[in-house]
Amino acid sequence: MQNLHEGQDISLLSYSIDKARTVLSLFPPATVYDVFDNSSYSRNHFASLPDASDKLNHLDFSAASMRGFRSNSDGHVFWFSDFQKNQFAASDIELFPDKTQLHIIPVAAGGTSNIFVDTVYLEDAFIRKGAETMIHAVVYNTGSETAEDVPLKLIVNNEQVAAMSLDLPPKQATTATIKFRVGDNKTSRAAIVLEDYPVEFDNTYYFTLSASPGVRIAEISDGGDIDLKELYSKEPLFDYTRFTSGGVDYARVNAADVLILHGLKTISTGLATTAGNFVKDGGTLLVVPAATSEVQGYDELFRQITIAARTIGSTNKTKTELLPPAPDNPFFRGIFSEYDKKMQMPAAARTIQWARASDDILKYRGGTPFLSRFERGKGQVYLLASPLQEEYTSFVNHALLLPVLYKLAITGYKQEQPLAYTMSSGTVRMPVAQTIAGEGIYKLQKDSAVFIPEQQIRGGNLYFTVPPDLNEAGIYNLTLDDAPVGSVAFNYDNRESYLEQYTPDELRILIGKDKPNVHVYDYGDAFSVKNEFEKRYFGVKLWKYCLILCLVFLMAEIALIRFR
């Protein structure tokens, strides 16, 4: 309702308030009024016209919806709205009983063009402290014309860190890419801000950012030519733990982000089941085969992770050269400073093979996959065709080995909290420190507003329901006994940003003809709710014409007497 009215330089809300005032004068002085907006359905009972008029004067914009509204009125209800197609449904009429005379009064907007930030997402879910991070902002133009040079800014901790101008084609989304750096491990309060008038409530998209904690890697290995722990331990981002096949701590394995099965000659049924469940729960699994033909348990492992793969023995150690990586493969984005399609590639023999994968990261020159990724439910699986031993592959001594292993581990990082939520998200999950049951109360705070949501702690996560009266976008502090423990960003539901509205004729068709108590009025400058309503319910008032006739006849009689 921030949109401008058709032909007038006032908002639809201001126009509706002016029209609503005409309703107040329709009824006798003893009339009792209820004035409702979407924010409140109580304490709006007024026994006098001045009090009801004063309530209209204090109406303001709000993000609240009509959820929770129920009418018990057996009188007249006047409903002023823009009746957006994304918001209004014929079922909304059921909020009013059949005994209610419902007067639907649509207000016409001057246009339906609007620009808003639809969503924001990171190029990579893993954010390194002090490193360059790439973020994408999806901006939508609902208008029928191109919007040129739309200013867009990135604000982090109240400081502008980036700015650009966008040309936005009509009725489609455009993705803006912004590079910046996250300073430390603390949560950063961020926002994408654009300029668009007159509908401004959705010009800002709030979100939170923080440097990612270390990636937890668990390796199960019985030894080999290459020490993966030494490679990963060079980078402080990785929290690396190694187990032998006979000494696995399954609790720590399940808590990891990445599980590596490296060169195991035997995979037990229990380990295969654990690996399958690990992937189902969202983990990343890397399988590096053993360098022997006497392997056991791999068929069960492939069955658990639902991949059509098989071991093919290791007697043939003939190596085949690999193809250079595809330059457009997102896995290698950020790895090469300059891409050289003639780069010298390693060679490798094969001990396992598989069918189609979600993504073939590296291939042999014949097109057979060497390293592939499989999406499996919430998790993913990486398969390597060759053991990481020199007699089987020169990959162990190649410059690609380290960046590939690092990138593979980083893609296994699970973002524990989304960048932002909408106020219609329902339930929010946040990782928090485990507390004793019943100890402490979590609150959401923004400026002077404080909300105590319905909450529960399960498995180290706080689950809370977005409070129904939380209707202002922004970043809220999450506190426990008034001590800050995190930040949560809430944005408006983007359905409200699509301004297309039903016309009066479309509303009549949508509502149907079987509701005689529902009356849809036309709009336009010549339209008067007062006149339409009086004609329908009070009849055509003839007393004015009678009085005029009386005066005419009186003057005629005076004239006859005077001049006869």
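The residues that line the largest cavity divide into 6 nonpolar, 4 polar and 2 charged, where Ala, Val, Leu, Ile, Met, Phe, Trp, Tyr, Cys and Pro count as nonpolar, Asp, Glu, Lys and Arg as charged, and the others, Gly among them, as polar. They include Met1, Gln2, Asn3, Asp82, Val199, Phe201, Glu496 and Gln501. This is a predicted model, in which local features need pLDDT of at least 70 and side-chain atom pairs count only at pLDDT 80 or more, while totals for chains, interfaces and linings use all residues. Residues are numbered from 1 along each chain as its sequence is written, and side-chain values use heavy atoms, with hydrogens and water left out.

A cavity here is a set of points, on a 1 Å grid over the protein atoms alone, where a 1.4 Å probe fits but cannot get out, and its lining residues have an atom within 4 Å of a point.

Phenylalanine 83, with a phi of about 50°, lies in the loop between β3 (76-81) and β4 (101-106) and is buried, at a relative accessible area of 1%. Aspartate 149, whose phi is near 50°, lies in strand β7 (residues 147-156) and is exposed, at 53%. A further backbone feature is the cis peptide bond that joins tyrosine 197 and proline 198, with omega about 10°; proline 198 is in the loop between β10 (188-194) and β11 (204-209).

Which side chains pair through opposite charges? Side chains of opposite charge can pair when their charged atoms come close, and a salt bridge is counted when a side-chain nitrogen of Lys or Arg is within 4 Å of a carboxyl oxygen of Asp or Glu. By this rule the count comes to 16 salt bridges. Lysine 85 forms one with glutamate 500, the closest N and O atoms being 3.3 Å apart. Lysine 85 lies in the loop between β3 and β4 and glutamate 500 in the loop between β30 (483-491) and α8 (504-511), so the pair ties together parts that are 415 residues apart in sequence. Lysine 85 is partly exposed at 28% relative accessibility, and glutamate 500 is partly exposed at 47%.

Within helix α6 (residues 298-304), arginine 303 and glutamate 300 lie 3 residues apart, about one turn of the helix, and their side chains meet in a salt bridge (2.8 Å, N to O). Arginine 303 counts as exposed at 53% relative accessibility, whereas glutamate 300 counts as partly exposed at 21%.

Key. 1 Å grid on protein atoms, 1.4 Å probe; cavity = no way out; pocket = protein on both sides within 12 Å on 5 of 7 lines; lining within 4 Å. Helix = DSSP H or I, 4+ residues; strand = E, 2+ residues; numbered from the N terminus. Buried < 20%, exposed > 50% of the residue type's maximum accessible area, 1.4 Å probe, protein only.
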